[in-house]
Amino acid sequence: MSASVFNAHGVWAIYKFEMHRFKRTLWTGLAVPVITTSLYFVVFGSAIGSRMTEINGIPYGSFIVPGLMMLSLFTESIFNASFGIHMPRFTGTIYEILSAPLSALETVLGYVGAAATKSMTVALVILLTANLFVDVHVEHPFLMLLFLILIAATFCLFGFIVGIWAKGFEQLQVIPLLVVTPLTFLGGSFYSIEMLPEPWRTITLFNPIVYLINGFRWTFFGTSDVPVLWSLLATSAFFLICLAVVFWIFRTGYRLKS
């Protein structure tokens, strides 16, 4: 096969293999976000929502839905993509993938595409579950899906990098648990950063997660704490950085061939 011909069959084979692993734990994978979303609404909706009924004119229960979706999307994207590429490294089958007639782009498409499909499925399940508790109206549904795809692809690329970097399964949890999750909670998932006093509000603006969450929230309610253009630029910049790092990994063979 010519190197210039796109190997769709190879991409589909990787994608189907990764999705088959997801199907084996389908009910567990979907039951967990349903339960956790319900608990969030019980805790945040009852305990906090009774004291803080609205934020920027939006009912508090509805306000936290985009944040819940993003919290799950970030962690699911990183975990699925990192685990997907780390397993072949752990078992030694990575050499079969590297020797297959697949380009770096095709390999990444297979793994990242499957991981993004899984994480977006979970995020949409959370949206459906949230509608059982509150009325969630998406003002810009097409843009919401575009943001969802872009953010999922970005964090799946980031997860792919983490999976290559990690030397063991323990390290796969370091970035999601110690970096991404705290930044997400501090990035306005469950509150408006306008509610923060100075200098904390200014400091929060250096948190990149703020722009991702607020851009996504804008597609729901048409309002956000930061301009939506900034959110789009920040998300696109993170995507391009991750893409460049993945390209460098395949070009140098960093931890792929050792």
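Which helix gives the largest share of the lining of the second largest pocket? I looked that up first, and H1 does, with six residues.

**Ground rules.** I'm working on a predicted model, where local features need pLDDT of at least 70 and side-chain atom pairs count only at pLDDT 80 or more, while totals for chains, interfaces and linings use all residues. Residues are numbered from 1 along each chain as its sequence is written, and side-chain values use heavy atoms, with hydrogens and water left out.

**Second largest pocket.** I noted a volume of about 190 Å³ for this one. A pocket here is an open set of points on a 1 Å grid over the protein atoms alone, with protein on both sides within 12 Å along at least five of seven lines, and lining residues have an atom within 4 Å of a point. I found 13 lining residues, with Gly10, Ala13, Ile14, Ile97 and Leu102 nearest the centre. They divide into nine nonpolar, three polar and one charged. My classes: Ala, Val, Leu, Ile, Met, Phe, Trp, Tyr, Cys and Pro are nonpolar, Asp, Glu, Lys and Arg charged, and the others, Gly among them, polar.

**Largest pocket.** This one has a volume of about 500 Å³. I see 20 residues in its lining, and Gly29, Val32, Pro33, Glu76 and Val122 lie nearest its centre. H1 (8–24), H2 (26–48), H4 and H6 (104–130) each supply at least two lining residues. Helices are DSSP runs (H or I, at least four residues), numbered from the N terminus. By class I get nine nonpolar, eight polar and three charged residues.

**Cavity.** I found one cavity of 30 Å³ or more. A cavity is a set of grid points where a 1.4 Å probe fits but cannot get out. Its lining is Asn56, Ile58, Phe63, Asn214, Arg217, Thr223, Ser224 and Asp225, which I sorted into two nonpolar, four polar and two charged.

**H4 against H7.** How do H4 (residues 65–91) and H7 (residues 141–165) pack, and at what angle? I read an angle of about 40 degrees, with the axes 7 Å apart. Residues in contact (heavy atoms within 4.5 Å) include Met70, Leu73 and Phe74 in H4, and Leu148, Ile151 and Ala152 in H7. By class, this contact has 15 nonpolar, five polar and one charged residues.

Note on methods. Axes fitted to C-alpha atoms, helices over the stretch in contact; angles between N-to-C directions. Points joined across faces, edges and corners; volume = space filled by probe spheres on them.
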